[in-house]
Amino acid sequence: MSPVIPIWGGCAKEAFFRRNFSLPETFSRAVVRIFADTGYELFLNERLVVVVDEWNNVRDYDVTPFLNGGVNLVAVHGMNHSGHRGFSFELCCDGVPVLVSDSSWRAADREQWNWFRRNFEDSSWTAARPLPLQYAGLPQWRGHAGDRPEKVIPFLEGSPFFSGPIPKAVRSPFYRKSAERKNEEISPEVLGLVGEEYRISRNACPGEWIDPAAWPEAEGCAHGVDGVFRLTGASRYEGPFFFVDFGEETVGFLRFRTSSASPVRVRIRYGEMLSECVSEPARDQLLHRMLVEEIQLGGGVQEWESRMRVGFRFVRVELFDSPGEVEFSGLSVRTSLYPVEYRGYFHCSDPLLNRIWEAGRKTVHLCMQEYYLDGIKRDRFLWVGDTRAEALYN
């Protein structure tokens with residue numbers, strides 16, 4: 001295996017990298033060592049492994065559950081706030097280096113939708129540019145990935161209910177099945193009882209733009225035409241905004257496109273209710289990191305998808321520290337709903353009880369991800385007290 005070579009693209013501020021590689025059908029452990037001046041987002045086989053935004057960032061990660069025998073994909077977003085720039089990478093399987101950063105990686109200077117997915121066409125990307133060795137993270141970079149076991153960051157330690165590790169990335173068979181599953185026909189009698197809402201909604205597109213006349217909380221929001229919003233005049237800390245209503249609760253990743261002459265800074269607030277999007281949680285609260293995103297995009301046409309999987313119905317999109325005009329379009333959600341089929345229903349003479357059952361049914365479906373989440377909006381993880389029971393019935 002050739003030595004690690006630092007690489008970058010043509011843009012000083014950021015670079016995007018992709019590399020397909022093969023692994024043996026069986027291996028016991030895979031460890032990644034990664035460095036980027038001054039931060040990175042690491043994806044393996046379409047799954048986000050880690051986000052680090054600080055200069056002293058050489059890390060070793062145990063990524064065994066993210067990889068499989070055969071062809072794999074690594075995708076990295078390298079970030080650089082100032083000064084030198086460079087990205088270095090090494091993957092070791094069972095202690096042997098099998099992949100390093102070099103000019104065989106593909107690189108791009110701006111983000112594009114689905115850039116970290118297997119089916120993305122990267123033929124237009126250029127070969128990564130090799131850099132001098134000092135940009136590899138020296139003197140931080142020594143030896144090989146995983147050679148200091150006490151420094152390896154695990155994917156997740158065990159729990160009181162299991163002796164071994166619990167992977168964050170589960171190889172679920174549901175994600176390998178086609179999304180084009182046909183729903184079974186539902187009889188007119190059943191639909192007459194429970195209504196059309198019984199059918200599964202993918203929530204792929206906005207239900208409506210918020211009308212301030214109908215929603216007093218939305219006073220001051222901008223209006224769009226055919227899903228296109230043009231905002232301008234943002235100050236350093238706040239600016240114009242608009243709301244989107246997706247019609248009902250959904251879970252997934254927000255997407256949109258921006259067009260501007262200069263860089264853009266955007267603040268996004270998610271909410272189950274519109275009032276949650278109006279009042280931003282305090283920054284010292286965990287809820288702030290769960291329901292608020294602040295991003296910076298370059299000039300020109302940029303396509304963006306959230307790194308966070310969030311449960312929400314309403315979204316508030318605010319422009320700040322961007323004095324020029326910015327056009328927003330293409331707002332949608334890439335949902336992570338499982339393509340399940342409903343095989344039963346509940347209906348009685350009490351309308352409130354019917355609504356309670358409907359809310360419970362929808363909540364179970366929304367929380368059905370790699371495992372059953374304790375909550376899609378806030379917790380977004382498996383409650384440790386449920387792990388043993390869930391392992392048994394799954």
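Arg255 and Glu305 are both buried, buried being under 20% relative accessible area, exposed over 50% and partly exposed in between, with a 1.4 Å probe and protein chains only. This is a predicted model, where local features need pLDDT of at least 70 and side-chain atom pairs count only at pLDDT 80 or more, while totals for chains, interfaces and linings use all residues. Residues are numbered from 1 along each chain as its sequence is written, and side-chain values use heavy atoms, leaving out hydrogens and water.

The side chains of Arg255 and Glu305 form a salt bridge, 2.7 Å from N to O; the term requires a side-chain nitrogen of Lys or Arg within 4 Å of a carboxyl oxygen of Asp or Glu. Arg255 sits in strand E16 and Glu305 in strand E19, 50 residues apart; helices (H or I, at least four residues) and strands (E, at least two) are DSSP runs, numbered from the N terminus.

Glu305, at a relative accessible area of 3%, also has a salt bridge to Arg334, at 2.8 Å. Arg334 lies in strand E21, so this pair ties together parts 29 residues apart in sequence. Arg334 is partly exposed at 23%.

How many salt bridges are there by this rule? The count is 27.

Now the cores, meaning sets of buried Ala, Val, Leu, Ile, Met, Phe, Trp, Tyr and Cys residues joined through side-chain atoms within 4.5 Å. The largest has 32 residues, with Phe17, Leu42, Val63, Phe87, Phe89 and Leu91 touching the most other members. A second, separate core of 28 residues includes Ala222 and Phe328.
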